Structures are given as structure tokens and as C-alpha cells.
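Hello,

Here is the structure we talked about passing on.

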Amino acid sequence: MTMPVDIDPGRRAPAPATPVTTAARDAYFLWELRKYVLLQATLAASVTYSAGLSPPGGFWDDNDGVRLAGDPVLQVTYARRYTLFFYFNATAFIASIITVNLLLVHSLSRRRWWLRALQAAMILDQLSLMGAYAAGSCRDVAMSAYIVALVAMVSSYVCAHVLLFTLCALRRHDSGGDGEDVMPEEAHEAVERSRKYLLIFATLVATVTYQAGLSTPGGFLSDSQDSDHLAGDPMLHDHHPDRFMGFFYFNTTAFVASLVVIMLLMSRTVTRHGFQSCALWVCTGAALIGLTGAFSVGSSRSVKTSIYVIALVAAILLYIGLQFLVFLCKPVEKWVHSVQETLQKYLRLDRTESQQDHRVHAVSDPQALNADQLLQKSRMYLLLLGILAASVTYQAGLDPPGGFWQADAADGPHHYLAGDPVLHITYPRRYLVFFYCNATAFVASLAILILLLSNIFSTQGIKYCALQVAMILDLLGLIGAYAAGSCRPGRKMRTWNGN
């Protein structure tokens, strides 16, 4: 049975003149968001494919008569967890491939079963990702219970969300309405922009946290030591248990929060309940906090380096808080404007009349008046740059160049534990330069995301040079981290610098 929906892939379809069914509206809604659904399915397929070929726990290095070299370690030491991880991960991979195939054929979007199949594949994909993460990211029952509790909270919230919308729609239908809220065009466009930005952000956060949860920093034990230390256990859990627990809970919170954001944004009801109840912004904030916390405790082993990351985040939050205070507090805003007018008055004393006329002409230039439009056009590209920078610096911080030590040992005056970064002992200066530059780039990219995800901060941030400063710090941090971590001998470094 065909549906009364006809959408041209090259343009936005006009609103239908005749009433259409709820299924038709859902199909039209998903087709409008097909680029972001395709991005989500593609990234989910890539991470599940990689996790299936390189499962958590690693592989056996040799044969001993019972196991063969190259077999998954987790299959022997934690057989049930490995089985659950394998089936959940495989289901998520297949569901992602099905979603991609359904989105590539436009002619199928006019059929009712296409909508139901796409919705089922998307839900199955996200639930399977949660199951694979719960089975493969931890070994303890308490940690698994935390993930199950988060998933239960997510399921309860989504069910309550759908039930509330259904009751509201039935009430509007009984009162004579069509069950749809009429929104102003400007508000509708703002909601759609925010939806797209948050979808991209949540998708990439879910991707990096899924990979980081299955490949914990520090690596895994290669051999069983006793009944409490089995092969495949995270080495960080033995020598730095507090850091491992902190990393796990922060990373898991960011992963689940990002999936909640995706679930809410894939529903048309988000325009009525998601933004109005601030649920989306709470989950987005939880994802940002989870990313920051997991990076600060998982990328370093000393208190000094963790304090540096926390201090950077605190400075960013303080600056954003001051901006928020300036934007919304009228006395502070008036005081800032008075200070600006006073400075401009003194700076203009040596200006000639022709310079002032030239300035007035520049202000009246239509190109200058279109600065906000230019910002809106480049906002998506800046957001993508910030997200990609945050993802690569997050992964590099948790898995630094040089790898990790596989056993406890001592090298002269240096003592190190299994799971500590090798580069920290062999090239301590290079490691510190890499860590501080990478951490600076990571925090700067988070600042870019915070500024761009808010309409107020994105426009005012340009005015106060916040975005420019964050972009410069981000790029310089990336360059410094690459220069320090990509080579070892000092001769190569001098050659790279042109000396």
C-alpha cells in the first residue's frame, strides 16, 4: 500500500494540501533527516565492524594446547560476556547496514513498510549498541548493573515521552484539532537547526565513547595471574582502580546520554517536549561532562596532569559563565557598554573626519550587515571541525603514542606499572608536551562546541572573539601534539622545524 508522500530529493517538499496520516508525517520527517540518519548508521557500522574484528580483551599470543594464538581472550576467561558482546555487536552491525540500504533507495520511502522497517532498524541498532557496550566494557557485576540501570532509565523516559505525546495528541483531537501544534516559522527553523547540530554532536560522541569503552586506556592483561586477575581484564583496574572506575562511569554516562539525545531527536515530538522540558540540553550537558571527566582521569596517571585538565575546563566554564552574565544581566551589560564607549571615545581623539566617514560607510555596507548570515552559514563547518577535533584528541589522549607497558618493571631510577604510557618513561619531555597540547586542543574543541550549540553564545561569541581564541588554541594544540607525539629522535624534530 502506497503512502501519500512524494518528496523530491533535490528540494524541500511543500506541505501537503490535504490531511495526511501520522505514518506519512513520520516518513516525511525521517526522509528530511536522512543525511543525519545515514551518518549515524554509517558510523555505527564502522565501530561495530572494528569491534567485531578487534574484540575487547585482545587475543592470545601463543598456543598452549587448549587455546590457539589469535583467538579472543574474552572467549575463554569470560565466555558469557563474550557471547553477549558478539551477538549484540553483530546485531547492531546488521541493523546499521539495513538502515543504510533503506535510506539509499528513495522509491521505498513511499511505502508504509519502509517506515516501519527503518524505525525498527534504528531502535534495534541503538539497543544492540547498549547491550554490546554493557557486555564488553566491564567485567564486574556492579558496573554492569550501572549500565543496565542507565538503560532502564532511558527506556522509562522514552516510554513516558511517547505516552505524554500520545495523550496530548488524543486530547487535541477530541477538542477538534488535528493533533499537531502550529509553530511560528522562525521558531520552527531554530528548532530544525538545533536538531541537526545536536544530531551530529550526539552521533560522534556515541561513536568515540563506544570505542573507548571497549578499548579501555592502559590495555588488557595478556595472562591470568590469579582468580581475581584474569586475562582480558583492564590493566588500569589493577594499578589505578579509582581512575578506571572514574573513567568507566564518566565514559558510560556520555555514551548513554548521547544515545538518549539521538532517540529524542529522531522523534517529531521533540518540538513539543524535548526543547520545552530542557531534556535535550540536560543530556547534552551530561555528554559533555562525561567526555571531560573520562578524558581527565583516563588520559593521565598523575594528579598534576589531571588537575591541568580540570583547571582548563573550569577556566572555560568560568569564561562562559561570565559571558552568560554579560548577555542576560542588564546592569552588567550596561557597564560593559559604558566601558566600551569610554574606550572608543579616547581612541577616536586622533581620528580625522574622513576616517569617521569611512567607518560610517563601512557600517552601512550590506556585506557588513550580513555578518550574522555568514556566521550561520559557517556554523555547521565550525561545528564539524570542533567535533572532529574533540574526537581525535579524545582517542589520542586515552591511547597515547608509544602504547602502554605490559608488566611492572624498573629502568634505573624510573619505576613504572603495567598500563602506564611507555612514552612517559622513554621520552618524558615529549610525552608532557604531547599531553598538554592534546589536552588543550581537546578542551578548546569542547569550548567551540558549547559556543556553537547555543544561539546566544554563537553570535555573541564572535563579537567577543571567544570562538576565534578557541579555534586558535585548538589548531595550535593539534599541531603541538602531532609534533611531539609523531616522532622520537631529536634530529627528526629539528629537520621538521627546518633547522
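**Cavities**

Searching the whole structure turns up four cavities of 30 Å³ or more. Please keep in mind that this is a predicted model.

The largest cavity holds about 120 Å³ of space. Its lining consists of 14 residues, and Q40, A44, L129, A206 and T207 are the ones that lie nearest its centre. Four helices, α2 (34-53), α5 (112-136), α7 (185-214) and α9 (241-265), each supply at least two residues of that lining. Sorted by class, the lining of the largest cavity contains nine nonpolar, four polar and one charged residues.

The second largest cavity has a volume of about 70 Å³. What lines the second largest cavity? The residues are F201, L204, V205, V208, L291, I387, A390, S391, Y394, F442 and L449. At least two lining residues come from each of α7, α15 (371-398) and α17 (428-453). By class, ten residues of this lining are nonpolar, one is polar and none is charged.

**The nonpolar core**

The largest nonpolar core has 92 residues, and F201, Y210, F255 and Y394 are those with the most contacts inside it. Helix α9 gives the most to this core, namely 14 residues. Domain 1 (21-167 + 188-299) and domain 2 (305-341 + 376-489) each provide at least three residues of this core.

Two of the names above come up again: F201 and Y394 are in the lining of the second largest cavity and also among the core residues with the most contacts.

Not counting residues up to four places away in sequence, F255 touches L129, M130, Y133, A206, T209 and Y210. Among these, L129 and A206 are also listed with the residues that lie nearest the centre of the largest cavity.

**Two residues to look up**

Y436 is in helix α17. If neighbours within four places in sequence are left aside, Y436 is in contact with K304, T305 and Y308. Y436 and G397 are 39 residues apart along the chain, and their C-alpha atoms are separated by 9.9 Å.

D61 sits in the loop between α2 and α3 (74-77). With a relative accessible area of 64%, D61 is exposed, because that class begins over 50%. Apart from neighbours within four places in sequence, D61 is in contact with A69 and S222. D61 and D71 are ten residues apart in sequence, and the distance from C-alpha to C-alpha is 8.6 Å.

**The chain as a whole**

The chain has 20 helices and two strands. Of its 499 residues, 45% are buried. How many of the contacts with a separation of 6 or more join residues 24 or more positions apart? Such pairs account for 72% of them.

Regards

Conventions
Residues are numbered from 1 along each chain as its sequence is written. This is a predicted model: local features need pLDDT of at least 70, side-chain atom pairs count only at pLDDT 80 or more; totals for chains, interfaces and linings use all residues. Side-chain values use heavy atoms; hydrogens and water are left out. On a 1 Å grid over the protein atoms alone, a cavity is a set of points where a 1.4 Å probe fits but cannot get out, and a pocket is an open set with protein on both sides within 12 Å along at least five of seven lines; lining residues have an atom within 4 Å of a point. Grid points are joined across faces, edges and corners, and a volume is the space filled by probe spheres set on the points. Ala, Val, Leu, Ile, Met, Phe, Trp, Tyr, Cys and Pro count as nonpolar, Asp, Glu, Lys and Arg as charged, and the others, Gly among them, as polar. A nonpolar core is a set of buried Ala, Val, Leu, Ile, Met, Phe, Trp, Tyr and Cys residues joined through side-chain atoms within 4.5 Å. Buried means under 20% relative accessible area, exposed over 50%, partly exposed in between (1.4 Å probe, protein chains only). Domain bounds come from an automatic or database domain assignment. Contact means heavy atoms within 4.5 Å.
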